[in-house]
Amino acid sequence: VSSRPCDQLLFLGIDLSTSTKREMTIEHIVVDIEGTTTSISFVKDVLFVYVREHVGEYLHAHATEAETLADIEAIRKQSEQDKVGAPQFFCEIAPASSPVADECASVTAWVMKQMDADRKIGALKTLQGHMWRAGYAAGELHGHVYDDVPPALTAWRASGRRVHVYSSGSEEAQRLLFGYSVFGDLSAHFTTHHDTRVGLKTEPASYTAICSALGAAPSTVLFITDMPNEARAALASGLQVRLSVRPGNIALTPEESALCPTITSFDQVVL
């Protein structure tokens with residue numbers, strides 16, 4: 001097999017011709033968030049830090065509310081599953097009959113342990129999303145969006161394209177970030193939101209599922225991401241792809257840069 005990246009991908013059944021088609025065929029644009037529309041540092045240094053600093057306070061303040069009780073119960077079930085299936089992540093949650101302070105303390109410890117391990121699990125994401133909602137609503141959080149993103153979203157919509165989000169963050173977290181962005185409410189620009197419930201972002205089947213949900217041929221869908229493994233998966237499903245190169249992103253290798261065109265700004269996407 002040739003050592004050239006393009007030949008290697010063709011050997012694997014990935015047709016790169018879709019990445020070089022003229023962009024006038026694009027009807028849908030699917031954007032990632034971290035490293036694409038938004039700085040990676042915002043998620044890591046602002047959103048995650050917010051959860052770490054406020055989780056105990058949040059749990060105590062909302063301990064008797066149905067939503068928080070459901071969040072705690074989901075975490076308790078995850079903890080029980082981890083005890084058997086993933087003991088390295090196990091952190092015991094106090095029984096529901098325990099004093100509120102004890103239960104909140106055990107959930108706080110669980111959250112810290114899962115975040116330390118950078119786990120992407122539903123019970124954690126849901127609680128984080130609810131905390132971020134409260135933070136955004138209180139004016140304590142404002143979603144970072146690169147300067148070139150709002151005008152591009154406006155132009156794409158004006159041209160008749162539909163714009164969508166596919167991110168590992170929950171759909172609620174996606175809506176919050178754009179709904180409370182530093183540029184105001186950008187939520188009207190997006191037609192649909194997708195998270196990992198549709199599948200992992202490194203799996204070609206996930207992109208096939210999104211195209212099916214949109215009722216779109218894969219070749220008419222453009223996916224913008226900063227992650228080469230995601231780009232490979234989307235290419236394998238027949239989507240057009242652009243790799244986003246933003247400040248703070250992990251540097252692309254020459255082989256990764258050859259996967260598809262790269263952009264440093266959304267205004268470089270010519271439709």
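User: Which exposed residues sit on the face of α3 turned away from its buried side?

Analyst: Good place to start, and keep in mind that this is a predicted model. That face carries A66, E80, Q81, V84 and G85.

User: And which residues of α3 are buried?

Analyst: Those are T68, D71, I72, I75, R76, Q78, S79 and D82. They lie on the same side of α3 because they cover an arc of only 165° around the axis.

User: What covers them?

Analyst: The cover includes α2 (40–62), α4 (100–116) and α5 (122–137).

User: How far does α3 reach from end to end?

Analyst: From its first C-alpha to its last, α3 reaches 28 Å, close to the 28 Å expected for its 20 residues.

User: New topic: where is H194, and is it buried or exposed?

Analyst: H194 lies in strand β3, which covers residues 190–194. Its relative accessibility is 10%, and buried means under 20%, so H194 counts as buried.

User: What does its side chain pair up with?

Analyst: The side chains of H194 and T192 are joined by a polar contact of 2.8 Å. Beyond neighbours within four places in sequence, H194 is in contact with V165, Y166, S167, E171, Q174, I210 and L214.

User: Last one: what is the phi of D118?

Analyst: It is near 55°, a positive value in a residue other than glycine. Most residues other than glycine have a negative phi.

User: Where is D118 found?

Analyst: D118 is in the loop between α4 and α5. With a relative accessible area of 46%, D118 is partly exposed.

Note on methods
Residues numbered from 1 in each chain as written. Predicted model: local features only at pLDDT ≥ 70, side-chain atom pairs only at ≥ 80, totals over all residues. Heavy atoms only, no water. Helix = DSSP H or I, 4+ residues; strand = E, 2+ residues; numbered from the N terminus. Expected span 1.5 Å × (residues − 1). Buried < 20%, exposed > 50% of the residue type's maximum accessible area, 1.4 Å probe, protein only. Arc of directions from axis to C-beta. Contact = heavy atoms within 4.5 Å. Polar contact = N/O pair within 3.5 Å; in protein donor to acceptor, adjacent residues only side chain to side chain.
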